[in-house]
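Subject: Handover of a structure and notes on its sheets and helices

Dear colleague,

Please find below the sequence and the structure that I am handing over to you. My notes on what was found follow directly after.

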Amino acid sequence: MTQAPVWNTAPLDTLLEHQRQAFAASPYPSLEHRLDALARLKEGLLSEGERIEAALNQDYGQRSAFDTRISDLLPCVLQINYTRHRLRRWMAPSRRHAGLLLAPASVRVHHQPLGVVGIMVPWNFPVMLSIGPLITALAAGNRAMIKLSEFTPATNAVLRQLLAERFDEDEVAVVEGGPEVAAAFSALPLDHLIFTGSTAVGRKVMAAASQHLTPVTLELGGKSPCLIAPDMPLDLAVERIIYGKCLNAGQICVAPDYLLLPRGQEEALVEAFRRAFRRRYPEGLASPDYTSVINQAHYQRLTAWLEEASAAGAEVASMAEPGVDPDLHRMVPHLLWNLPERCALLEQEIFGPLLPIIPYDTLEQALDYIRARPRPLACYLMSLDEKLTRRMVEEVHAGGMAINETVFHVAADDAPFGGIGPSGMGHYHGHEGFLTFSKAKTVLRRGRFSTGGLVHPPYGWVQRLMLRFFMR
């Protein structure tokens, strides 16, 4: 198409109806059609990369161009490549065993597109968290409606044009708006809904979707712990933690939310973290590689929590001076310890560059602290001890886990990503995403001859003999 259509002018139910009609006309898109859709999407991302960088920088006030490339654009391109290379195999029906009771018969599982998938996108990674689910939705043969965040208008404009120039609106539709639009979107009778955002809003989304029994995938947040074991050198631990907490200024659902540290090592950890931060961001707040807090509202939330903890007697260490810039809503990482038990930083998902330190005396105490709290989206262990690693993997529940690393597990194309309990439900990424957006439909097939009549009434000695044979 040469001219982008005007988007988001029709009511949501009208957009949904248009997509339903288009899906009914083509309920099982061919492999070639799906591969072409993914190729168009990849071409759009590559050709519009610089515009996306500039738009995100505008929305944030300052967003590292490399943060955008590495965390928004690159994962989508890699996921498209991964998906296109495997899609033929994913689409092929899988053969299952009919068993002696059903013989002669064939049983196959076909993966059928669901129909129209709704994608609700947060502001922290508006490209990856809109295009990522879209990749697997299109690969599975679906249509998609995407609700973008009202906090990223410049990025939305680029995404809207990128998609409009490559897809008809009855295949991919984009809508924008605030909480009222989001509430209406989540209440649509979609065939599947994926929401990425906070646990509190996720509950509302699930309640709205339940009115139509719409299946949901919830990618929520929570307080993702990072346990530093006694055997782990602090410099090495910081080396692996700092990227996960500084990328996008810590505004990541899988960023380390708090550290569990052997008691007495707080000051040493702070100094190791400060040295590592200065090496990576020598200009501190002014570093072009460091991203701002998204807006004044979130900056004020973070500074209020920081002030609350400080007023209650917590120790606070800024990783650079100055540590904050109210005018540009920028904040370097701050490490805090000796916090009161009842404070926002220990009760709420932080979603920013504040990092509480929780000292422990024994590993058992640290593990109990994690297990006593809601199951997180991610859990991290810094340890070279194989026995402890095995315990962590087997005994701690989390959506995902990384050992001696943070956040990078999300980039594994060939592995599922998803939460558990308050941190979400369902999976996407890779093959799991294809399965999430498909209906696994069992098809039993028989020819002219069938043994089914052997179990029809009137029941007698034949049926009794069969039961005796099979119920052994």
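In which order do the strands of the open sheet of three strands stand, and is their pairing parallel or antiparallel? The order is 1-2-18, and the pairing is antiparallel. Please keep in mind throughout that this is a predicted model.

On average, neighbouring strands here are turned by 30° against each other, direction ignored. Eight bridges connect strand 2 (residues 106-113) with strand 18 in the antiparallel sense. One of the facing pairs is Pro113 and Ser438, the latter in strand 18.

As a general point, strands of a sheet pair through backbone hydrogen bonds, either parallel or antiparallel. Strand 15 (residues 378-382) and strand 16 pair in the parallel sense, over four bridges. Within this pairing, Leu381 has Ile403 in strand 16 as its bridge partner.

Strand 7 and its partners

Strand 7 runs parallel to strand 6 (residues 192-196), and four bridges join the two. Between strand 6 and strand 7 the chain passes through helix 8 (residues 199-210), forming a right-handed β-α-β crossover. Thr196 has Glu219 in strand 7 as its bridge partner. Strand 7 also pairs with strand 17 (residues 424-425), in the antiparallel sense and over two bridges. In that pairing, Leu218 stands opposite Met425 of strand 17.

His427 is found in the loop between strand 17 and helix 15 (430-436). Its relative accessibility is 37%; because buried means under 20% and exposed means over 50%, His427 counts as partly exposed. Leaving aside neighbours within four places in sequence, His427 is in contact with Thr217, Glu219, Pro416, Phe417, Gly418, Glu432 and Thr436. The C-alpha atoms of His427 and Ile194 are separated by 9.7 Å, although these residues are 233 residues apart along the chain.

Packing between helices

Two packed helices are described by the angle between their axes and the distance between the axes.

Helix 4 (residues 65-91) packs with helix 5 (residues 128-139) at an angle of about 10°, and their axes are 9 Å apart. These two helices are therefore roughly parallel to each other. Among the residues that meet are Ser71, Pro75 and Ile80 in helix 4 and Met128, Ile131 and Ala139 in helix 5. The residues of this contact divide into eight nonpolar, five polar and one charged.

The axes of helix 2 (residues 31-47) and helix 4 come within 10 Å and cross at roughly 170°, so helix 2 and helix 4 are roughly antiparallel to each other. Residues that meet include Leu31, Leu38 and Leu45 in helix 2 and Leu73, Val77 and Met91 in helix 4. By class, this contact has 13 nonpolar, two polar and four charged residues.

Helix 3 (residues 49-60) and helix 6 (residues 153-164) pack at about 155°, with axes 7 Å apart. That makes helix 3 roughly antiparallel to helix 6. The contact includes Ile52, Ala55 and Leu56 of helix 3 together with Ala154, Val158 and Leu162 of helix 6. Its residues comprise seven nonpolar, three polar and two charged.

With kind regards

Methods. Residues numbered from 1 in each chain as written. Predicted model: local features only at pLDDT ≥ 70, side-chain atom pairs only at ≥ 80, totals over all residues. Heavy atoms only, no water. Pairing = 2+ DSSP bridges. Right-handed = clockwise from strand over helix to strand, strands pointing away. Axes fitted to C-alpha atoms, helices over the stretch in contact; angles between N-to-C directions. Parallel < 35°, antiparallel > 145°, perpendicular 65-115°, else oblique. Contact = heavy atoms within 4.5 Å. Nonpolar A, V, L, I, M, F, W, Y, C, P; charged D, E, K, R; others polar. Buried < 20%, exposed > 50% of the residue type's maximum accessible area, 1.4 Å probe, protein only.
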